[in-house]
Amino acid sequence: MRLLRAGELTPIWVPDETHEAMRNLVRARDSAAQDQRHKRQLISAFLLRNGRIYYRTKPWTMRY
């Protein structure tokens, strides 16, 4: 109680279910994007090791 009167406590905000659901969705999307980048890097390295070079300017299109 003494800390509260002295103003040394900072208020906190507890997110509700809607905000938590949105945060979980953002985390899942970020995780999927990281996984996609990692898989693309693995595929590119595999192709390079096997002598397959993609000569186009834009990689990772449907043609790739």
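Leaving aside residues up to four places away in sequence, Glu20 touches Pro15 and Arg27, where contact means heavy atoms within 4.5 Å. The model is predicted, and local features need pLDDT of at least 70, side-chain atom pairs count only at pLDDT 80 or more, and totals for chains, interfaces and linings use all residues. Residues are numbered from 1 along each chain as its sequence is written, and side-chain values use heavy atoms, with hydrogens and water left out.

**Glu20**
- Glu20 is found in helix H2, helices being DSSP runs (H or I) of at least four residues, numbered from the N terminus.
- Because its relative accessible area is 29%, Glu20 is partly exposed (buried is under 20%, exposed over 50%, partly exposed in between, with a 1.4 Å probe and protein chains only).
- The Glu20 side chain makes a polar contact with the side chain of Arg23 at 3.2 Å (a pair of N or O atoms within 3.5 Å; within protein, one must be able to donate a hydrogen and the other to accept it, and residues adjacent in sequence count only if both atoms are side-chain atoms).

**The loop between H1 and H2**
- Leu9 lies in the loop between helix H1 (2–6) and helix H2 (17–49), and Leu9 counts as partly exposed because its relative accessibility is 48%.
- Trp13 is also found in the loop between H1 and H2, and counts as exposed because its relative accessibility is 58%.
- From C-alpha to C-alpha, Trp13 and Arg2 are 21 Å apart in space, while eleven residues apart in sequence.

Terms used:
Helix = DSSP H or I, 4+ residues; strand = E, 2+ residues; numbered from the N terminus.
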